[in-house]
Amino acid sequence: MNETEARLARIRGAVPARDHNARTIAALCSNPGCARRAVLDAAGVDKQRLAAYIDFPARFGQSQFAITRGNAFEAQVKANGCAELLRLLREKLGLPIPEVSYDDLELVGGNDSREVRYARSRSLLARAAASGAGAGTLFDHPLLRLEIGGRKAYLEPDLIAFQLHDRFHVVEIKSFAVIDGQADAGKVAAAVTQAAVYVLALRDLVTELGYAPEKVAHDVVLVCPENFSNRPTAVLVDVRKQLTVLKRQLSRLARIDELLAALPAELTFDLEVDDAGVPTRPAASVVEALRTVQARYTPECLDTCEMAYFCRDEARDDTAALGRTVRDELGGIESVTNVLGLANGSLAPAAEQVEAAQLLQMAARLREESLMAMLRGVAL
Amino acid sequence: MVGVAESIANLEKRIDQLRAEVRRAAMSGDRARARALRAELREAERAWDDAIAEVERKAAPVEVEPVTPKQAGPLLPIREQVHQALTLLSVPAAPKLIVAVHEAFFAGQMLGTRLTSLRRDEERSFRSAPYSRPYYICSALTADLLSAARGLLAISTWPMSRRIIGPLSPRVDFLTAAIAVAEHISRIPDPAPAATRLLWRFAANIPGAAEGFDAMEPASVARAAEAELAVHLDADTSLREQAGQRARSQLSDVEQLFGSRLRAVPGTSGGAREAE
Ligand code: SF4
């Protein structure tokens, strides 16, 4: 264990690291400027548990119902030798009839250690890549790896990698409906970012094997139920844009050392659980630890980060909590109290705030005048 | 499953402890701590719910629709029902398909939930008194590691190669089963709606099998399946036979039926270790 890893282990405390999956990695990239999230995620802290413990429970996450529905749809698409998936790939992508080979990489003779599974995924994909068409078409549940914040994280994927014309494609099976060719934009965006994570991890693997990254297509196959039936349909989605974003954010995370250097050496988010698994650390002490790591709350956090309610509360007086555009329009002043003070003249502007203060005062005057005009209009 | 049961037991213990802690904190007036522990408690309960849901999902991979027993004749033991359905299909199959076949062609109700433990019961029976039954419901084996193929049931009296699953076998078995179902339907005078629905599930995913549900003809489904089968069959058969020979020469009797565990097989990477 190198120094950074030891440090991260201390921060996490005496619990196993949270696994990353495509969902957490995709979310990781949604607020790259936040040191708090970067540290918590790099250390593999269970943010959901942490947030609940300090009484700001996250209010997102998949419902059990959605998970069950998702699993059932996936099982259906893969049932009977992937019969439905093969039909789709043949119809939509022209997969030749002879190409039906299917390898399940989830279990390795009852040995499901990740190292073994990864090695097997790697060797089967290597063989398929080397011998081209016919040497493997569908690979279910390959275990992939991606470097996150300097650590190799295994990705527990629920995907199929699929080889067509000597190229691998990622197949992502999702249970939200495509109705008349349209689907919920937010869900599609999330699914596509997740698929991009897999493309990236798969590209890492093929580059390690000595191929060009383009051996993995930037088009992913999204399989969803069509209209209101359970019949699956497939669309090809280009994920190049998501790949660029992802790579940039991951490279920022790779510099976790720089972040750690600025933090107190004894920092930890250990809940100090006793033998029965009951945490003994006072919540206030956890909050104090959290406050030592700088956050950068934005309204988008509510959809992507378990810590959102805590950070929002902390940032209540912070103009950034209103969103980036609002902060810019408020002249870049950081605190709501100060904005109001400058606007009504009760707070003297510092040298660099003079211009902003003038703008704010003008805005306040305009508001006053239009309000008066409105009142007069009502009076008439 | 043992692992899951164990973790459920642990969670229950933890939930009890947490309740006691919450009560103590509340009584001592430590509201912050009581709140924090409450949150922990909720998390633990959620984890417990999830674990239970997972157990249920695993225990019932089959959604058993409440079928009204057709003719309330004497209920065959589950292993005989499965034997019947598998014999009709002639290839290893997943519980879901077995239930569908039973519903389509046989009388009485099949309890999907009981399929889960069947293979384990059969293995136990075989271990305690080998070959004392005329047949066992056993596993299909993966071609490379000769371990139990996930979620497939087979019959012990079949030739070994038929129980081997190579990369092409899932498709080959799907097509073979389609032909078997089509032929069976064409032999019975008045197939039940469940039977036609079952055939359609095959036909819809075989090129050229049927224009649509209403235009479906068992004979043309079988023909289309045979046409595609011809493309894959040779390669699949030779691989299955090779692996079958390996299984017969390398595995113990019980392993031949229920799969080898963690045996290093030459020529596969992954370094599976000898264990247990
Ligand atoms: S919620 Fe907090 S920790 Fe999470 S990304 Fe936003 S600011 Fe960072």
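Buried area is taken here as the accessible area, computed with a 1.4 Å probe, that two parts lose on being put together, summed over both. On this definition, chain A and chain B of the predicted model bury about 3,400 Å² between them, with 56% of that area on carbon and sulfur atoms. Residues are numbered from 1 along each chain as its sequence is written, and chains are lettered from A and ligands numbered from 1 in the order in which they are written. Because the model is predicted, local features need pLDDT of at least 70 and side-chain atom pairs count only at pLDDT 80 or more, whereas totals for chains, interfaces and linings use all residues; side-chain values use heavy atoms, with hydrogens and water left out.

With contact defined as heavy atoms within 4.5 Å, the interface draws 40 residues from chain A and 37 residues from chain B. Five salt bridges are counted between chain A and chain B, a salt bridge being a side-chain nitrogen of Lys or Arg within 4 Å of a carboxyl oxygen of Asp or Glu. One of these joins Arg120(A) to Asp144(B), with the closest N and O atoms 2.6 Å apart. Polar contacts (pairs of N or O atoms within 3.5 Å, where within protein one must be able to donate a hydrogen and the other to accept it, and where residues adjacent in sequence count only if both atoms are side-chain atoms) link eight residue pairs between chain A and chain B, both residues at pLDDT 80 or more.

On the side of chain A that touches chain B, at least two residues each are supplied by α4 (47-53), α5 (64-93), β1 (102-104) and α6 (114-131) of chain A, where helices (H or I, at least four residues) and strands (E, at least two) are DSSP runs numbered from the N terminus. The most is given by α5(A), with nine residues. By residue class, this side of chain A divides into 17 nonpolar, 13 polar and 10 charged residues; Ala, Val, Leu, Ile, Met, Phe, Trp, Tyr, Cys and Pro count as nonpolar, Asp, Glu, Lys and Arg as charged, and the others, Gly among them, as polar.

In chain B, strands β1 (residues 137-142) and β2 (residues 148-155) pair in the antiparallel sense over four bridges, pairing requiring that DSSP find at least two bridges between two strands. Bridge partners across this pair include Cys138(B) with Ala154(B) and Leu141(B) with Ala148(B). The hairpin of β1(B) and β2(B) has five residues between the strands, and Leu146(B) takes a positive phi near 55°. Three strands of chain B form an open sheet of mixed pairing in the order β2-β1-β3. In this sheet β2 and β3 (164-165) of chain B stand at the edges with a single partner strand each, so one side of each is left without a neighbour in the sheet.
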